[in-house]
Amino acid sequence: MNRLSIDVTCEVEWPLPPPHGDAQAFVERVLEAAAERIGVQGEVSVLFVDDDAIHELNRTYRQVDRPTDVLSFPMNEGESLADPDDVDPMLGDIVVSVDRAREQAEAYGHSLEREVAFLLVHGFLHLNGYDHEDEAGEREMFGLQEEILQGIGLARS
């Protein structure tokens with residue numbers, strides 16, 4: 001049984017070749033692993049865009065005038081997390097720049113598959129209250145990210 005209901009939209013061509021050629025299946029595999037690890041369920045919307053689109057979102061919602069790799073828009077930001085009696089709470093939206101993912105995969109010397117998965121997990125953890133504003137939060141969040149990615153066979157090489 002899936003822990004998440006995931007809506008995936010690609011405004012750009014899906015960047016991963018077979019066997020990861022199905023965006024919905026890839027995103028589900030990655031985010032289901034993350035949801036299981038942190039014990040959440042609910043609905044998530046994922047949007048893949050180019051640098052221009054994420055730049056506009058970053059400028060509009062964060063007042064940062066440059067593209068970024070991933071944005072998260074938690075449904076309950078600043079509030080307590082979803083009602084435990086709600087069987088399918090809306091967790092929020094994740095927006096991933098395919099352009100940034102390609103550049104970062106090359107810069108870090110790992111696969112595009114790993115970079116896209118990293119950005120998805122990073123965004124998902126933000127939707128669920130994780131942050132990296134201080135050293136302890138960064139250690140916890142980045143440790144969880146690596147644990148989740150290792151669990152699906154996408155460890156750092």
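In which sense do β1 and strand β2 (residues 42-49) pair, and over how many bridges?

Reply: They pair in the parallel sense, over 7 bridges. Two strands count as paired if DSSP finds at least two bridges between them. Strands are DSSP runs of E with at least two residues, helices are runs of H or I with at least four, and both are numbered from the N terminus.

A word on the basis. The model is predicted, so local features need pLDDT of at least 70 and side-chain atom pairs pLDDT 80 or more, while totals for chains, interfaces and linings use all residues. Residues are numbered from 1 along each chain as its sequence is written, and side-chain values use heavy atoms, with hydrogens and water left out.

Now the whole sheet. It is open and has 4 strands, in the order β1-β2-β4-β3, with mixed pairing. The edges are β1 (4-10) and β3 (70-74), each of which pairs on one side only. From one strand to the next, the twist averages 15°.

Helices pack on this sheet. Helix α1 (residues 23-38) touches β1, β2 and β4 (90-97), and its direction makes about 140° with that of β1. Contact means heavy atoms within 4.5 Å. Angles run from 0 to 180 degrees between N-to-C directions, and axes are lines fitted to C-alpha atoms, for helices over the stretch in contact. Helix α4 (residues 112-127) lies across β1, β2, β3 and β4, at about 145° to β4.

The largest nonpolar core has 40 residues. Such a core is a set of buried Ala, Val, Leu, Ile, Met, Phe, Trp, Tyr and Cys residues joined through side-chain atoms within 4.5 Å. Buried means under 20% relative accessible area, exposed over 50%, and partly exposed in between, for a 1.4 Å probe and protein chains only. L31, V44, V46, F48, I94, L120 and F124 have the most contacts inside the core. Two or more residues come from each of β1, α1, β2, β4, α3 (98-108), α4 and α5 (135-151). The largest share, 10 residues, is from α4.

L120 shows how the parts meet. Beyond its neighbours within four places in sequence, L120 contacts F26, V27, V30, L31, V46, F48, I94 and V96.

α5 also packs against α4. The axes of these two helices are 10 Å apart, at an angle of about 130°. α4 and α5 are therefore oblique; under 35 degrees counts as roughly parallel, over 145 as roughly antiparallel, 65 to 115 as roughly perpendicular and the rest as oblique. The crossing of α4 and α5 is right-handed, meaning that the near helix is turned clockwise from the far one by less than a right angle, with anticlockwise being left-handed. The α4 side includes F118, V121 and L125, and the α5 side includes F142, I148 and L149.

α5 meets α1 as well. Their axes come within 9 Å and cross at roughly 125°, so α1 and α5 are oblique too. The crossing of α1 and α5 is right-handed. V30, A33, A34, R37 and I38 in α1 meet L144, E147 and I148 in α5.

Two glutamines remain. Q104 lies in helix α3 and is buried, at 16% relative accessible area. Leaving out residues up to four places away in sequence, Q104 touches D69, E115 and L119. Q63 sits in the loop between α2 (51-62) and β3. Q63 is exposed, at 61%, and its phi is near 55°, a positive value in a residue other than glycine.
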